[in-house]
Amino acid sequence: MRQWKLFATIAVAVASALLSTGCAGPQTDNAAGTTTVYSGARLLTGDGTVIDNAVFVVMNGRFAGVGHDGETALPAGAARVDLGGKTVIPALLDAHSHIGYMNNLTSGPQNYTHENILDHMNRFAYFGVAASMAMGTDFGELPFQLRAEMEAGRYPATARFLTTGKGLAPIDEIRPDNMRHSATLVTTTEDARREVRELAARNIKIVKTWVDSRGGSVRKLTPDVYTAIIDEAHKHNMRVAVHATGLADVKALIRAGVDGLAHMVNDVDDELIELLKTHPNTYFTLCLGGPRRLVYAPWIDPPHPLISETVRPEQIERLRKRLAGIKPDARARAQAAWDKLARGVTRVNAAGITIGVGTDGGGQNGDQFVGWTMHTELENMVAAGMTPGQVIVAATRTSARIMGLDDLGMVASGKSADFVVLDANPLDDITNTRRINKVFLRGGEVPRAALAAAWQAQTTVAK
Ligand SMILES: [Zn+2]
């Protein structure tokens with residue numbers, strides 16, 4: 001009886017999730033209420049362990065036993081799935097995105113609807129991402145409503161939507177035409193403390209703020225104000241993640257106790273490395289996609305099949321033209337900036353500093369294709385000097401810790417059964433994370449073919 005009830009709930013939720021993308025109906029093989037044994041795959045558990053010829057059990061949407069095939073006790077009467085020749089990784093996690101703004105060629109608050117946010121979360125699921133955290137660009141009641149619906153289990157085949165609510169920003173950052181339009185204005189330490197308390201009352205775990213002169217065009221948040229943000233957040237057991245890319249700002253922020261650096265800093269010196277080592281809880285989400293695609297984006301021309309399946313042709317063409325139109329001198333500057341950024345990542349990584357993954361997916365200018373940028377980011381991190389093994393751990397266990405998701409980020413007993421079946425091993429070549437065979441969230445298979453068909457149908461209608 002209980003199983004039927006569960007199944008009915010899931011079927012309705014999957015149907016509504018699919019309907020929101022215009023698809024006809026559920027085509028999922030949800031494992032909630034059932035027990036399934038998956039055997040024969042190479043398993044990357046998420047903490048750096050590799051198990052060849054692995055077996056794992058999924059029961060009621062959770063892992064219930066993981067080990068070597070032939071050495072692990074298995075439940076009698078369970079369904080069996082042979083994954084011989086495949087590689088399994090935990091579902092990927094994105095600790096920095098901007099959800100709900102992008103919709104084909106337009107990007108802005110007018111697109112920030114229940115339907116569009118769910119569409120983005122379906123895109124993340126399609127690409128093997130189990131959760132994504134919107135960094136300071138949510139507004140109104142919608143993010144809290146959606147968070148509650150997610151926590152109630154309404155969208156089991158959809159990636160989890162995590163919100164940091166409205167970020168806190170100085171006046172110059174806030175313009176109606178950018179994503180910071182939603183930010184809360186803070187000019188005094190009193191403002192800062194009051195607004196942090198507002199976020200605490202909303203059960204926000206990470207406060208987003210910005211300390212960036214944007215090439216001299218913005219009066220930055222002053223040290224007394226960001227120090228008050230950090231202090232008040234810590235009093236409420238919250239962390240603060242900051243958009244700051246200047247070396248001096250980042251050092252000052254670390255001294256003030258900031259927890260997360262939402263982007264890679266544009267330069268690294270010995271003093272920064274020492275500061276990071278003496279503040280060992282500080283973490284990075286690198287968000288390398290913006291600077292990297294100015295110098296390296298072979299996936300857009302011709303477009304990778306995963307892009308063609310999910311992004312409308314006119315949006316693909318716009319990015320292709322933007323990148324092809326970069327003048328040689330601008331390209332040379334971008335290359336120098338990337339090389340410096342990559343050297344910095346190599347140093348930070350070698351120092352053992354915590355690095356998670358941020359895709360900046362759905363970002364303002366419409367080029368950060370939701371879901372796809374997870375896979376380019378993983379490649380970018382390898383290009384910047386990390387090993388594929390380190391990058392997979394960053395995208396799974398480490399990002400789960402950053403995002404406060406205790407039941408994600410690993411294939412381990414008791415965790416939610418969120419995993420990706422790949423046709424090839426990403427330890428051999430990180431771009432093998434794109435060779436997705438199947439995605440499972442909460443034990444159920446994401447209906448990827450139906451989702452892709454729905455997005456393709458939108459393309460046809462548009463023509
Ligand atoms: Zn961002």
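Modeller: The crossing of α12 and α13 is right-handed. This is a predicted model. Helix α12 covers residues 372–383, and helix α13 covers residues 388–403. Their axes come within 9 Å and cross at roughly 135 degrees. Angles over 145 degrees would count as roughly antiparallel, and 65 to 115 as roughly perpendicular. The two helices are therefore oblique to each other.

Now the residues. From α12, the contact is made by Leu378, Met381 and Val382. From α13, it is made by Pro388, Val391, Ala394 and Ala395. By class, the contact of α12 with α13 has seven nonpolar residues. No polar residue takes part, and no charged one.

Next, the wider setting. The domain assignment gives domain 2 as 93–403. Domain 1 is written in two pieces, 2–90 and 411–462. The centres of the two domains, taken over C-alpha atoms, are separated by 27 Å. Domain 1 gives 36 residues to the contact, and domain 2 gives 30.

On the side of domain 1 that touches domain 2, the elements giving two or more residues are α1 (2–19), β5 (87–90), β19 (436–441) and α14 (448–462). Helix α14 supplies the largest share of that side, seven residues. The class make-up of this side of domain 1 is 20 nonpolar, eleven polar and five charged residues. So much for the domain contact.

A sheet is also worth a look. Three strands form an open sheet, in the order β6-β9-β10. The pairing is parallel. Strands β6 (92–97) and β10 (160–163) are the edges, and each pairs on one side only. Neighbouring strands of this sheet are turned against each other by 15 degrees on average, direction ignored.

Strand β9 takes in residues 129–134, and four bridges join β9 to β10. Helix α2, residues 114–126, lies across β6, β9 and β10. Helix α2 runs at about 135 degrees to β9.

Back to your pair, in brief. Helices α12 and α13 cross with right-handed sense, at roughly 135 degrees, through seven nonpolar residues.

Technical notes
Residues are numbered from 1 along each chain as its sequence is written. This is a predicted model: local features need pLDDT of at least 70, side-chain atom pairs count only at pLDDT 80 or more; totals for chains, interfaces and linings use all residues. Domain bounds come from an automatic or database domain assignment. Two residues are in contact if their C-beta atoms, placed from the backbone, lie within 7 Å. Ala, Val, Leu, Ile, Met, Phe, Trp, Tyr, Cys and Pro count as nonpolar, Asp, Glu, Lys and Arg as charged, and the others, Gly among them, as polar. Axes are lines fitted to C-alpha atoms, for helices over the stretch in contact, and angles run from 0 to 180 degrees between N-to-C directions. Angles under 35 degrees count as roughly parallel, over 145 as roughly antiparallel, 65 to 115 as roughly perpendicular and the rest as oblique. A crossing is left-handed if the near helix is turned anticlockwise from the far one by less than a right angle, and right-handed if clockwise. Two strands pair if DSSP finds at least two bridges between them.
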